[in-house]
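Visitor: I have a chain open here and would like to go through it. Can we start with the charged pairs?

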Amino acid sequence: MIVSSNNEGHNIINWDVTSDQNFSQVRILKETNRYNQFVEIGIASISDGSFVDNSSNAALKSERYTIEPIMGDVELPRGTIHQTTHLTINRGLNDQTWNLIWNSYEGANVVSY
């Protein structure tokens, strides 16, 4: 899974589609205002490979997501939690400097920013 954003500034949750899956749908979960408490924001076909969170605004804040496979009544483990990177910029102490502040992407290794 990886989270990116689209041209409208909404987060896109992407997952790998493999043919050997024993399930056909995934539940997309988003963290609430409480740490590690997630709520369902949608269900998608595994073959879709992505889901757009239309309630998100990548320009305002970072979000945490996870997905879990749906296989009837059997509860399967959730995937790794992924958190988007959020970048802010502000003017430094003088007019010629700028400060860039960001959080690291969570859930995958990022080689450079």
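This is a predicted model: local features need pLDDT of at least 70, side-chain atom pairs count only at pLDDT 80 or more; totals for chains, interfaces and linings use all residues.

Visitor: Where do the two sit?
Guide: Arg64 is in strand β6 and Glu106 is in the segment after β10 (98-102), 42 residues apart, so the pair links distant parts of the chain.

Visitor: Is Arg64 buried or exposed?
Guide: Arg64 is buried, at 6% relative accessible area. Glu106 is partly exposed, at 27%.

Visitor: How many salt bridges are there in the whole structure?
Guide: The search finds 8. One of them joins Arg27 and Glu68 at 2.8 Å, N to O. Arg27 lies in strand β3 and Glu68 in strand β6, 41 residues apart.

Visitor: And Arg91, what does that pair with?
Guide: Arg91 meets Asp95 at 3.7 Å, N to O. Shared partners also join Arg27, Glu40, Glu68 and Arg78 into one network.

Visitor: Changing topic: how many helices and strands are in the chain?
Guide: There are 0 helices and 10 strands.

Visitor: Which residues form the largest nonpolar core?
Guide: That core has 12 residues, among them Trp15, Phe23, Ile28, Phe51 and Tyr105. Strands β3 (25-31) and β6 (64-71) are the elements that give two or more residues to this core.

Visitor: What share of the chain counts as buried?
Guide: Of its 113 residues, 33%.

Key:
Residues are numbered from 1 along each chain as its sequence is written. Side-chain values use heavy atoms; hydrogens and water are left out. Helices (H or I, at least four residues) and strands (E, at least two) are DSSP runs, numbered from the N terminus. Buried means under 20% relative accessible area, exposed over 50%, partly exposed in between (1.4 Å probe, protein chains only). A nonpolar core is a set of buried Ala, Val, Leu, Ile, Met, Phe, Trp, Tyr and Cys residues joined through side-chain atoms within 4.5 Å. A salt bridge is a side-chain nitrogen of Lys or Arg within 4 Å of a carboxyl oxygen of Asp or Glu.
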